[in-house]
Amino acid sequence: MRIFAGCVPTNQRIYRCEDVGDFRCIYGPINGIFLLEKGHYIDNVRFAWWNPATKECRLIPRIHFEVQQYFEDNNRRLGIGIDLVNQDYKVIWHRTFWDDMTSDVYPKVYAAVYSTNNDSWKFLEPDYSHLCQICISQNCTYMNGVYYWITTSQRFCNKDNVYFIRTFDFATELFGEMTGPPIPGEHWASLMLRGGSLAAMSCDDVTQAMTANYGIWVRIRENNWIKVYTVNPPIPSHFPIGIWEYDKFIYELTQTCRLLFYDQTVKEVTSLGFHFYDLSCGSNWAISYKESLVPIKNEKSTEKDNAEYFLTKY
């Protein structure tokens with residue numbers, strides 16, 4: 001199995017933990033650091049920083065949003081990045097809730113930002129509508145002190161272009177908005193970093209095996225977007241979960257959870273060798289990772305500041 005000439009990929013396990021019951025997601029990396037998330041309920045979500053290279057883990061204090069008992073999760077998205085002014089690793093978390101009493105989305109956006117330097121959360125008051133649906137990115141869409149999400153909103157459903165870009169500046173701790181690629185609102189879309197630049201992927205129907213055409217859009221200068229090419233992977237029922245460099249994509253087969261690598265330039269499909277037949281449920285994340293020695297340890301760390309404690313007991 002070869003992905004690049006003269007390069008034979010290997011599968012190496014960097015960490016394994018047993019008895020993990022409610023692991024939810026992994027975000028990043030930023031300078032080799034990941035954010036781990038646990039919990040599936042409104043007031044039972046926990047986070048931790050983790051550096052696999054140094055084995056350091058730092059628990060993040062819990063945060064509780066004041067919501068009603070009849071609320072349920074509706075839309076929740078996180079972003080991680082660096083406040084370049086204060087050299088502070090931060091987490092931005094914004095959420096909307098479904099109101100069971102009214103059978104509708106509660107008309108408020110809840111948000112909070114965590115500062116590693118202060119080891120504390122601060123509640124924010126976003127100035128955008130609760131009708132905005134923030135979409136999951138293909139990878140960590142952080143660049144130069146700002147996090148980016150591609151977003152839709154019911155306010156623009158009658159227009160040809162309903163997608164736009166939501167931003168968060170980690171230094172000013174302000175949300176912003178910018179023009180997105182001209183993707184029709186009924187299409188599926190996801191934001192990504194392609195070769196270090198902001199890009200987007202779109203598809204009119206991700207459920208069509210071997211016939212799904214993915215448009216790849218890139219941002220030119222400030223707010224100009226162009227479609228650079230279309231990807232049509234010869235792969236059965238699948239879902240895109242990542243991009244590598246400029247033209248290499250990773251797909252997960254929906255029936256077997258196998259991971260496949262597709263090179264758009266040479267039109268070749270390669271199995272990455274990961275098989276998860278013994279899992280009844282779970283998730284895969286395709287992450288481009290480079291080891292780093294950036295410290296994240298708390299000055300007042302305890303024996304609880306380790307990945308195993310976070311994953312099994314915290």
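**View 1. Asp73 and its salt bridge to Arg95 in the predicted model.** Asp73 is partly exposed, with a relative accessible area of 27%. Its side chain meets that of Arg95 in a salt bridge, 2.7 Å from N to O. The pair links distant parts of the chain, 22 residues apart. Arg95 sits in strand S6 (residues 88–99), and Asp73 in strand S5. Arg95 is buried, at a relative accessible area of 1%.

**View 2. The network around Asp73 and Arg95.** Salt bridges with shared partners join five residues here: Arg24, Glu37, Asp73, Arg76 and Arg95 form one network. The structure as a whole holds 14 salt bridges.

**View 3. Glu37 paired with Arg76.** The closest N and O atoms of this salt bridge are 2.1 Å apart. Glu37 belongs to strand S2 (residues 33–38) and Arg76 to strand S5 (residues 71–83), so the bridge ties together parts 39 residues apart in sequence. Glu37 counts as buried, because its relative accessibility is 0%. Arg76 also counts as buried, at 9% relative accessibility.

**View 4. Asp119 paired with Arg58.** The closest N and O atoms of this salt bridge are 4.0 Å apart. Asp119 lies in the loop between strand S8 (110–115) and strand S9 (120–124), while Arg58 lies in strand S4 (residues 56–60), so the pair ties together parts 61 residues apart in sequence. Asp119 counts as partly exposed, at 28% relative accessibility. Arg58 is buried, with a relative accessible area of 8%.

Definitions and conventions. Residues are numbered from 1 along each chain as its sequence is written. This is a predicted model: local features need pLDDT of at least 70, side-chain atom pairs count only at pLDDT 80 or more; totals for chains, interfaces and linings use all residues. Side-chain values use heavy atoms; hydrogens and water are left out. Helices (H or I, at least four residues) and strands (E, at least two) are DSSP runs, numbered from the N terminus. Buried means under 20% relative accessible area, exposed over 50%, partly exposed in between (1.4 Å probe, protein chains only).
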